[in-house]
Amino acid sequence: MPIQQSDVVYTAVATAENGRDGRVSTDDGKLDVVVNPPKELGGSGAGTNPEQLFAAGYSACFQGALGVVARQEGVDISGATVTAEVGIGKNDEGFGIIVGISAHLPNVDEARALELIEKAHEVCPYSKATRGNITVTLKAA
């Protein structure tokens, strides 16, 4: 169920100038980066790109969700890492993205790790936002 405006406890505000070939900054000044298309998309590749920013946000959010699930289940995931791979390519409507989430849980066997990862995918806000819109694959690393 979607949240309502009255449920919002924090709002991030970012502004882009010149789209994929410009600059992105947040209203609090904590993020201020040059963005350029990657060379694979015909750009200079000099700055970061929206896919990298999305991968960074998704991996951080997913690891937070994984921590919540692990605490609920009493599982130690200390030393865990989450990697998000965001691919972009052409589709029938122009361009689309695809995501791969890989989590390394050094203190957990692979079957249990995958179970926790799948549960985290159910509660992660980024996963909820993308569900049904893009392909997201999960794996224990």
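A residue is called buried under 20% relative accessible area, exposed over 50% and partly exposed in between, with a 1.4 Å probe and protein chains only. This is a predicted model, in which local features need pLDDT of at least 70 and side-chain atom pairs count only at pLDDT 80 or more, while totals for chains, interfaces and linings use all residues. Residues are numbered from 1 along each chain as its sequence is written, and side-chain values use heavy atoms, with hydrogens and water left out.

**View 1. The protein chain and its elements.** Of the 141 residues in the protein chain, 32% are buried. The chain contains 3 helices and 6 strands; these are DSSP runs (helices: H or I, at least four residues; strands: E, at least two), numbered from the N terminus. Their order from the N terminus is β-β-β-α-β-β-α-α-β.

**View 2. The aromatic pairs.** Rings of Phe, Tyr and Trp (its six-membered ring) pair if their centres lie within 6.5 Å; planes under 30 degrees apart count as stacked, over 60 as edge-to-face and the rest as tilted. By this rule there are 4 aromatic pairs. The ring centres of phenylalanine 54 and tyrosine 126 lie 5.8 Å apart with their planes at 35°, so this pair is tilted. Because phenylalanine 54 belongs to helix α1 (residues 50-73) and tyrosine 126 to helix α3 (residues 125-130), the pair ties together parts that are 72 residues apart in sequence.

**View 3. Tyrosine 126 and tyrosine 58.** Tyrosine 126, at 31% relative accessibility, is partly exposed. With tyrosine 58 it forms a tilted aromatic pair, 5.4 Å centre to centre and 35° between the planes. Tyrosine 58 is buried, at 0% relative accessibility.
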